[in-house]
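Subject: Structure for you to look at

Hello,

Here is the structure I said I would pass on. Please have it open while you read the notes under it.

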Amino acid sequence: VTISEFSAIKSGFATYYIFDCNGMMTVHKGGGRIRYTVVGEKFRADYDVEDCDNVRIHFNRPVFLDDESTQKTLGIITTFSSNKVHFSYRVDNVKFDKLQFIDDDFKKKYPEIQEGNKFSVEYWLENPQRAIMYFEDK
């Protein structure tokens with residue numbers, strides 16, 4: 001199993017992800033949690049190098065690549081449940097709302113986190129709707 005970054009190339013209920021599998025760009029049709037994906041969003045994924053169709057995208061592991069231009073701001077948690085956090089943040093006086101999937105053990109790992117807490121949010125300069133909240137940074 002290999003770890004790769006998957007990039008959303010179309011969003012909505014028919015999101016497709018593109019990734020490099022054995023040196024060949026491969027398109028994978030997403031499933032399940034795709035409706036919250038922003039075009040250009042990237043996630044960690046496991047895939048079988050012998051069978052590029054055998055893929056597991058980790059929607060709870062969004063990433064930015066080193067060559068992507070990003071900035072940080074503060075965001076506020078508006079709601080959270082066992083597998084997702086909703087948060088809002090502002091960029092140039094424009095409010096953005098974002099959903100981020102989290103680990104199953106999130107509440108054990110961060111028991112002090114609650115609605116109204118503020119944390120660091122990194123956003124992509126090309127499209128600030130693409131963002132990641134970091135729970136280690138306040």
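This is a predicted model: local features need pLDDT of at least 70, side-chain atom pairs count only at pLDDT 80 or more; totals for chains, interfaces and linings use all residues.

Residues are numbered from 1 along each chain as its sequence is written, and side-chain values use heavy atoms, with hydrogens and water left out.

Aromatic pairs

Rings of Phe, Tyr and Trp (for Trp, the six-membered ring) pair if their centres lie within 6.5 Å; planes under 30 degrees apart count as stacked, over 60 as edge-to-face, and the rest as tilted. The count by this rule is 8 aromatic pairs. One of them joins phenylalanine 87 and tyrosine 89, a tilted pair with 5.8 Å centre to centre and 35° between the planes. Buried stands for under 20% relative accessible area, exposed for over 50%, and partly exposed for the range in between (1.4 Å probe, protein chains only). Phenylalanine 87 is buried at 1% relative accessibility, and tyrosine 89 is buried at 2%.

Another tilted pair is made by tyrosine 110 and phenylalanine 135, with 5.9 Å centre to centre and 45° between the planes. Tyrosine 110 is in the loop between helix H1 (106–109) and strand S9 (118–124), and phenylalanine 135 is in the segment after strand S10 (127–134), so this pair ties together parts 25 residues apart in sequence. Helices (H or I, at least four residues) and strands (E, at least two) are DSSP runs, numbered from the N terminus. Tyrosine 110 is buried, at 11% relative accessible area, and so is phenylalanine 135, at 9%. Both belong to one aromatic cluster, formed by Phe80, Phe106, Tyr110, Phe119 and Phe135.

Charges over a ring

A charge sits over a ring if NZ of Lys or CZ of Arg is within 6 Å of the ring centre and within 35 degrees of the ring normal. Arginine 130 lies over the face of tryptophan 124, 4.7 Å from the ring centre. The charged end of lysine 42 also sits over the ring of tryptophan 124, 6.0 Å from its centre.

Backbone angles

Most residues other than glycine have a negative phi. Aspartate 92 has a positive phi, near 50°, and asparagine 93 has a positive phi of about 65°. Aspartate 92 lies in the loop between strand S7 (84–91) and strand S8 (94–101), and asparagine 93 is in the loop between S7 and S8. Aspartate 92 is exposed, with a relative accessible area of 74%; asparagine 93 is exposed, also with 74%.

Regards
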